[in-house]
Each structure stands twice: as structure tokens, then as C-alpha cells.
Amino acid sequence: MIKAAVMGYGTIGSGVVEVLQINQKSIAGKAGDGIEIKYVLDLRDFPGDPIQDKVVHDVNVIVQDPEIKIVVETMGGVEPAYTFVKAMLEAGKHVTTSNKALVADKGAELIALAKEKNVNFLFEASVGGGIPIIRPLNSSLTADEIEEITGILNGTTNYMMTKMANDGLEFEDVLKDAQERGYAEKDPTADVEGYDACRKIAILTSLVCGQQVDFHDIHTEGITKISASDIKYAAKMGRSIKLLASSRKTRDGYQAMVAPFMLSPAHPLYNVNDVFNAVFVRGNVLGDAMFYGSGAGKLPTASAVVADMIDIAKHLDSNIWVEWSSKKLTLSDFKEAENVFFVRTSSGKEIIEKVFGSVDYIDAGIEGECGFVTECMTEDAFAEKVSEIKALSVIRVGK
């Protein structure tokens, strides 16, 4: 029996324990041995819970127990998760985590430490919840050069965009609904401002290029400025608005960004709705592929964590190679990225055409304003032009 510990008994941590119980027999068959939770680290006690006798409050109990081979980190945040995970790896224990903040910030360092100690640091659940994307990038797609990764990587914002489109509601109304349903946190900033998706695309880009991508360097916009009027224009255009996190290989390196896009029905991510996530991948020999499923939630995310535990169980005496060095990758200048833009404005057509030249106008029947779509241009050129008109909103238009 392989002994394991869980650090953090919240939604995901308790889900891991549940998945191990639900599929105990099949997991043992796939892992080559049973996996048993010996400790649960948390600040709280859980009287009446089946794991109440396994709860410990001192991380050193786990660090110093030679029986513990696998440690699951589901605490969230960078600290104290980083300190605890580092201690586990240094003690020769394998670690799997669902913590995207930890992986985005400290991934390269922890991977290097795991290699040094001949153990593993795996993090499938840190991007896309239950969607398998990290393992395919590390194994199934290694014959390809990945030219593009574009994803809907945040279930909260995707639910909100879907709700706005279906019900014609304003941002504040759908945010309240998402919070009442438990899809959005009391403080939803990380989701609605795009920070969560930003960390996830930083992780994916780091894996694709094999170097550390600093998420602070990625241009990030959220959905807080999207209004019901924007939704009307999108509907008139036959498009849907999605918060996309994307990374593309260019002649100058990699471009990455997070921002809302208007997508046409021909786009592979157009029909990804509600709390579902999807990741579109383009390889130079594979062509196009897409991974779709539950991007969050207790059991889907826990399923990905347990899959890592099974992988570790198969490699207790060896390190699974992950190419991700601590050398920082300098991203291509965002200002040179080329996009098509939708603009809502209260300026007249004479001014619009003087500034932008030929545009395609969109009439959504909203008095006192109009919408238009520009030609393809650089972000820098657009920023200069749009400053000369009275823009009410700006949304990029997907190809």
C-alpha cells in the first residue's frame, strides 16, 4: 500500500480523498498498488468526517514520516504552499498540485528540485481542472512544434459570458448570479480581471517553449467592461464573446495575451458555454486539436490530481522528464500583435472614417451610438487611432 498525504482539505483536497474512495479498486489496478491517505494537513479539525483521525496541524509530521511517498497540495496561493512543497521534495517525496498560482510562480524551480531529488512534481490539475492538457503537451504532442494554444481557461467568466448572451443581463447582474451559484468567489477579481487565465496560459507557454514565462509580462484584460450593449452587437454580427487566453509562436518568439474576443461560429471555441473549458492546440505536423471538458469543480479537478498520483505510483523510483528551465523567456512585444477590433462609439461616421478609413458598420439599434469593425492592424496603431474618437468599448474580433 502506497501511503500519501493531502495538504489542504478544502473543495479539491476533500475531492481527492473522495475519488480515491470511489474508484479504489480500479486505481489500485492502474497504479500497481493501493493508495492510502495517511495524513490530512489543515488548520481546522473535521469532527465527524471520516478523515478526522488523519488530520495533523504540523507539516513536519508529514515531512519526517518515511512512509509517505506521495503528497498532494491543494492549499492554493504561493505561500505557505511553496515552503511546504519544497520541504516535501527535499525530503524525497513526490508532489502533485492543483495550485496554478504556485506552478506559474515557482514551477521551474520545483521541477528542477524534483529532478535533483529523483522524485516528481506534477501539476495536471493546475490548468483546465479535469481537462487533460499538460500531460498531452509533455508526452503525446512532443513530436510537434506547438504554434498556437488558445483556451477558455476560466469557468466563472465563461458562465458569465454565456449568461449575458442568453439573458441580455449586465455584468453586475450575472456576477451576482455566479456568486449565488458558487461559481464566483466573494472576491471575484482573479477571475473577472483575467488573472486566473493569465497564470494558466503562462504555465502552458512555459511547457511549450521549455522556459519560464512570467505571467506579469502577459497583457491581460478581463470581462468587467463587457456590457449588455456589447452582447447586442455581437449577436447582430452572429458572434459570441469569450475570454480567451492565447499564446502564439511568431517569427520574433512567443506572443501571449488574455482578453475578450468576438468569435464566429466557425471558431472551434464558439460553442464552449457555461462553466466548461476548452483548449485549442495547433501543431506544425498535427494540425488542429481541441481538449474540452469540466474546467473546474470538486471531482473533475480531483480526478486530474489522482491521475497524477497514479502516474507517480508508476514512477516511484524515477523522475518523469518535464522540459521547463528557469531561464526567463522574453515575450514578443504585445504592441506589435495584429488584430481586428470592434469599437462602440458615440462619434459620428465622418470622424470614424477620418481616423480609421474604411470600416464595416454594425447597427444594433442603440440610439446615440454605432459600432464598427476595423481592418487588421497592430495593437500600437489601434491604440493611437482609437484615442482620437469617443470609444465606449473595444473588443477584439477573432479570426
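**Cores**

I looked up the largest nonpolar core and found 84 residues in it. A nonpolar core here is a set of buried Ala, Val, Leu, Ile, Met, Phe, Trp, Tyr and Cys residues joined through side-chain atoms within 4.5 Å. Buried means under 20% relative accessible area, exposed over 50%, and partly exposed in between, with a 1.4 Å probe and protein chains only. Ile 62, Phe 121, Phe 123 and Leu 204 have the most contacts inside this core.

I noted the provenance: this is a predicted model, in which local features need pLDDT of at least 70 and side-chain atom pairs count only at pLDDT 80 or more, while totals for chains, interfaces and linings use all residues. Residues are numbered from 1 along each chain as its sequence is written, and side-chain values use heavy atoms, with hydrogens and water left out.

I then listed the contacts of Phe 121 (heavy atoms within 4.5 Å). Not counting residues up to four places away in sequence, Phe 121 touches Val 85, Leu 89, Val 95, Thr 97, Val 103, Leu 110, Ile 111 and Ala 114. A second, separate core has 29 residues, among them Val 19, Phe 46, Val 72 and Leu 122. In soluble globular proteins, nonpolar side chains tend to be buried together.

**Strand E1**

I turned to strand E1, residues 2-7. Helices (H or I, at least four residues) and strands (E, at least two) are DSSP runs, numbered from the N terminus. Six of the six residues of E1 are buried, so the strand is largely enclosed by the rest of the structure. I checked both faces: Ile 2, Ala 4 and Val 6 are buried on one side, and Lys 3, Ala 5 and Met 7 are buried on the other.

For pairing I required at least two DSSP bridges between two strands. E1 runs parallel to E2 (residues 35-41), with six bridges joining them; Val 6 has Val 40 as its bridge partner in E2. E1 also runs parallel to E4 (residues 68-73), through five bridges, and Ala 5 has Val 71 as its bridge partner there.

**Two single residues**

I located Ser 303 in helix H12, residues 298-314. Ser 303 counts as partly exposed because its relative accessibility is 40%.

I found Ile 366 in the loop between strands E14 (360-362) and E15 (370-373). Ile 366 counts as buried, because its relative accessibility is 19%. Leaving aside neighbours within four places in sequence, I found Ile 366 in contact with Ser 229, Lys 232 and Tyr 233.
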